[in-house]
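Please read the following report alongside the sequence and the structure. It takes up a few local features one by one and then turns to confidence.

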Amino acid sequence: MLEVSFEYQEMDPREMNDILAAYRSRKKYFRLGNGAFLSLTNTEFEKVADIIDYLELNDKDLSKKLIELPRYRAIYLDEILREAQLSSVHKNQAFKSLVQNIKEPQDMEFSLPKELDPILRDYQKTGFRWLKTLAEYGMGGILADDMGLGKTLQILAFICSEKEKKLGPSLVIAPTSLVYNWQDEAQKFVPSMKIVVISGDPKERHELLQEIDQADLIITSYPLIRRDIELYETVEFAYCILDEAQHIKNPSSLNAKTVKQIKAKGYYGLTGTPIENSLSEMWSIFDFVMPGYLLSHGKFVKKYEKPIIRDQNNKIMNQLVKQIRPFILRRLKKDVAKELPEKIETKVITELTEEQKKLYLPYLPQAKTTVDNEIYTHGFEKSQMKILALLTRLRQICCHPSLFLENYQGDSCKLLLLEDIVQDAKKSGHRILLFSQFTSMLDIIRRKLNGMGIEYFYLDGAVKAQDRRDMVSAFQQGNKDIFLISLKAGGTGLNLTGADMVIHFDPWWNPAVEEQATDRAYRIGQKNNVQVFKFITKGTIEEKIYELQKKKKSLIDSVIQPGETLISKMKEAEIRELFEL
């Protein structure tokens, strides 16, 4: 715990709440019980009042000689005490050490596992020490390094080093597609650890859970933890780690509610995108790693989210940044991986074919009228599913009208463009990752590549984890030159540095998701320049989505660290703009 005490000169401690009430009522003076007057315009008093507000101290707290607080309050408390420059503050050595160690983990002396010492880069060793420091003080955190910088390796080093404490096994919960990736990485880098993967049918999983006590690391998936949570009720893990922690970004989701029932001595989240649409997503992850640190969800929304998003309140934003900064470690490729080659992004504009125009141009005003009627009849909030369906139809026409028209016989401008790029790339010895949101579009592309006599790998959500792993391995070894991947199934957790060209066939609303997909190729291990093509149809909804992406990217980059993106939900005016010619 963190102990705080307030000492009052010539003042009854019980008067403090009355003084604060007077201060909040903007009174200039308060008459003390001894008859003296206290000035409430004193700068030092204002700063003390701010500290009391931050700590959410009540009458009962302020009447105590010693107030006990969670230790995680120390870092921000130190920050505001430094800013306040109060002359009468005393911090003991333990407090100073705690703050210093968490702020500068690179100076901490922790021994790395011998097998990993020669492998880890300097920034990864700092990440390891940061995790160890937080664990030492009983705190959690979010490792939010850029994609491809080795978050898995840093966590494995941490878990391996904690074995000697005999705290029990650690639990990693990952997306289904990444479970075996964790097993492979663990077996490769820390072969001394006993790994148990909880998978299979209910009977198999129940049997595997009997081996927990003998294991160092348990690995399971979000869907399976939801089904098996009752089997974990009596187990306390050393540490619980969420991979791709954005899976619990919705605090009311079953994923979030389930993982927050896991008992462990420490909690950590791994994610390249702690925020995608709202600050509440970050709150939900913090509610897992350090429950209560960012208040209840209702209080967080009132105190931080609404003032920051609705009112653009920079003072509140800065307060939030200072609170979360010590517990989020985020490094960008450009800062720590100087040896990575260049990434060249190109927007490739193509024009609808005449057949596509004959479908798109009449459909757009029809869709606009439907949207107007829907919003007028049902209101904006209740019309969003219908609006999304109309937007999807327009995007499908841009990709290939046969995505919804069975007898469409015409061409697609994007497919013609792809044919040219693939032929040129193959002649130049490039290898390609191609992403699309629509699996039906990938099927059309498959038929086109078959006709061209070009071999490829194909990955969507229906591909089994083992097959996925085999394909990735084969591609990395140089087999086939094209990998077709659905954005949802392959946007995270794949290492495909064998490719040096990435094609986004259709634009997605959130550029952070596209960046994650691009980073399948542009990551540690890449030795070539990476060319990224974004296919955009001229004069269509796709151009507007692209411009919207750039506009939305500017919303408070600094909430996490430079480079992180925060995409807020689209407003009604922005939706209507998409349907304009």
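## Lys-166 in its loop

In this predicted model, Lys-166 lies in the loop between α7 (151-162) and β6 (170-174), where helices (H or I, at least four residues) and strands (E, at least two) are DSSP runs numbered from the N terminus. Although Lys-166 is not a glycine, its phi is positive, at about 55°. Lys-166 counts as exposed because its relative accessibility is 73%; buried means under 20% relative accessible area, exposed over 50%, and partly exposed in between, with a 1.4 Å probe and protein chains only.

Residues are numbered from 1 along each chain as its sequence is written. As this is a predicted model, local features need pLDDT of at least 70 and side-chain atom pairs count only at pLDDT 80 or more, while totals for chains, interfaces and linings use all residues, and side-chain values use heavy atoms, with hydrogens and water left out.

## Gln-312 and the helices on either side

Gln-312 is placed in the loop between α13 (297-310) and α14 (314-324). Its phi is near 55°, a positive value in a residue other than glycine, and Gln-312 is partly exposed, since its relative accessible area is 46%.

The helices α13 and α14 pack at an angle of about 120°, with their axes 8 Å apart; axes are lines fitted to C-alpha atoms, for helices over the stretch in contact, and angles run from 0 to 180 degrees between N-to-C directions. The angle makes α13 oblique to α14, given that angles under 35 degrees count as roughly parallel, over 145 as roughly antiparallel, 65 to 115 as roughly perpendicular and the rest as oblique. On the α13 side, the contact (heavy atoms within 4.5 Å) is made by residues including Phe-300, Tyr-304 and Ile-308, and on the α14 side Ile-316, Met-317 and Leu-320 are among them.

## Asp-424 in helix α18

Asp-424 is found in helix α18 (residues 413-428) and, because its relative accessibility is 47%, counts as partly exposed. Asp-424 and Glu-406 are 18 residues apart in sequence, and their C-alpha atoms are 31 Å apart in space.

## Confidence along the chain

The chain averages a pLDDT of 85, and 91% of the residues score at least 70; pLDDT is the predictor's confidence in each residue, from 0 to 100. Confidence is lowest in strand β1 (residues 2-4), at a mean of 64, and highest in strand β9 (residues 236-242), at 97. Over residues 555-568 pLDDT stays under 50, and for these residues the model has 53 contacts beyond four places in sequence.
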